[in-house]
Amino acid sequence: MILKTKGKPWRIDEPIIGRVAFDAADDAEILIVQDIVPDDLRRYKAILTSHDIDTSIDKAAVYAIPGFGHLSAGDIVVVNSDGVINTQYRIDSTHNFLLFTERCNSNCLMCSQPPRDKDDTGYFYNIYSQVIPLIPKECAELGITGGEPTLLGGLFFKLLEQIQHQLPDTEVHCLTNGRSFAWDGFAKRLGDMSFKRLMLGIPLYSDFNLLHDYVVQGDGAFEQTVQGLYNLAKYDVRIELRIVLHKPTISRLNKLSKFIYKNLPFVEHVAFMGLENQGYTPHNFDKLWIDPVEYGDDLAEAMMYLSDHGMNVSLYNSQLCVTPEEIWQFSRRSISDWKNIYLDKCEGCTVSEECGGFFSSNLVKHSLGIRALR
Ligand code: SF4
C-alpha cells in the first residue's frame, strides 16, 4: 500500500492540507487533474497532476506525479513544499491513525517507528488541526500514535479536544508509553475531559522493573508507567495494556499476568502482541526473536489465567497454526490492512479467514511451524 508519492512542486510555501477529488464537481480542497485542466480553479487550494509543469496556471500545484492509483476521492492528504504528498486519512480504510510526533522519551528495543530527536510539534499540530475537521463524521475508529503523543504537551490535549468535539461518534485509540501520566496533573487533565470514547494503549513488558526498563531502554520507566496507570485509573481513563511477545520477557509472562490481575485489575483490556519485524527489530533480532511455537504454552497459560479471572484479553499479530487451540478464541485480525499479508504456505488453509496473518515486514522472518490447516 502506497501512502506517499512525489512530484515537482510549484508555488507551495507551506504544507497544504485537504481532501482530494478526481471530479471538479466534488466537494474537496485539492483537485487531481488527469486530463484537461478546468478553467476555474479558484475553490481549490492546490492541484495535483501527472502533467508537466505549466507556468501559466496560477495555482499551487504538484506536477509530474507518477500515478494516483493509491488515492480515492475524499482521502485527506498533506502536500509538502518539496513535492511530497502524504496520505493522512484513507476514506475506505478502518485503520487510519494520526502520527502526533516522531519524538519519544523511550527507545524500546523493538520500536517499529524509531524516534527522531527533532522538534516536530509545530509541524504536526498545524497538520492535524486542519486534518481533523475534514475527517468524515461517520469515521468509526481513529488511532493516535507516535513517537510518544503526550510529548506534544498542551497541544496533545488541544488535538484530543478537537477529535472529541468534531468526531462525536468515533472510537479513539491512543498508543502511549504512559510515562507522562506519572505526573498527576497530566492524568487529571485527561480525566477532566471525560472522553469516554478514548482508550489509551500502554505497553507493560514485565512485572520485573529492571526487565521492563531494559526493553524500554530507560531507567525508571517501569515506575513511571505503573504510576501513570494508577493515576489514569484514579481519573477514570480507559486503559488497554499491551504486551509484546519477545524473547527477553517470555519466561516471566505468567508472572506478568498475575501481576496485572493483582495490581492492575482496573484495565479494560489486555492485548498480547506478536513481534513486528520493523524499525529497530531487525537490528536487535537475535535479542528479540523467539519462534511462536516455542512460547505457545506460556502464552496460553498467561492468557487463560487472566481470562479465567474475568479479564478481557486479545491476541494480536498471531497465526492460528502456531497458536494453541484453546486461545484461538482470543485471536483478532489486528494488523492494519495496508501491511497485512499471508504466505504462499497459507494457500488452501481452512482457517485463513479467522487468522491474523503476518505483517508484510515478517515475510522474511516468521515461525518455522507455519502450515496450512486442512
Ligand atoms: S497457514 Fe497461514 S492462514 Fe493458515 S493458520 Fe497458518 S498463518 Fe494462518
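Colleague: Is A64 buried, partly exposed or exposed, and at what relative accessibility?

Modeller: This is a predicted model, and in it A64 is found in the loop between strand 6 (61–63) and strand 7 (76–79). Buried means under 20% relative accessible area and exposed means over 50%, with partly exposed in between. Because its relative accessibility is 25%, A64 counts as partly exposed.

Colleague: What is the value of phi at A64?

Modeller: Most residues other than glycine have a negative phi. A64 is a residue other than glycine with a positive value, and its phi is near 55°.

Colleague: Where does Q217 lie, and what is its phi?

Modeller: Q217 lies in the loop between helix 4 (209–216) and helix 5 (221–234). With a relative accessible area of 45%, Q217 is partly exposed. Its phi is positive, although Q217 is a residue other than glycine, and the value is near 60°.

Colleague: Which residue does a cis peptide bond join to G147, and what is omega there?

Modeller: The place of G147 is in the loop between strand 10 (141–145) and helix 2 (154–166). Most peptide bonds are trans. The bond here is cis, and it joins G147 to G146 with an omega of about 15°.

Colleague: Is Y316 buried or exposed?

Modeller: The place of Y316 is in strand 15 (residues 313–316), and its C-alpha atom is separated by 9.7 Å from that of R242, a residue 74 residues apart from it along the chain. The cut-off for a buried residue is a relative accessible area under 20%. Because the relative accessible area of Y316 is 14%, this residue is buried.

Colleague: At which residue does helix 9 bend, and by how much?

Modeller: Helix 9 (residues 292–308) has 17 residues and reaches 22 Å from its first C-alpha to its last, which is close to the 24 Å expected at 1.5 Å a residue. Its buried residues include P292, Y295, G296 and L299. The bend in helix 9 is at D298, and its angle is about 35°.

Methods. Residues numbered from 1 in each chain as written. Predicted model: local features only at pLDDT ≥ 70, side-chain atom pairs only at ≥ 80, totals over all residues. Heavy atoms only, no water. Helix = DSSP H or I, 4+ residues; strand = E, 2+ residues; numbered from the N terminus. Expected span 1.5 Å × (residues − 1). Bend = angle between axes of the 7 residues up to and from the residue. Buried < 20%, exposed > 50% of the residue type's maximum accessible area, 1.4 Å probe, protein only.
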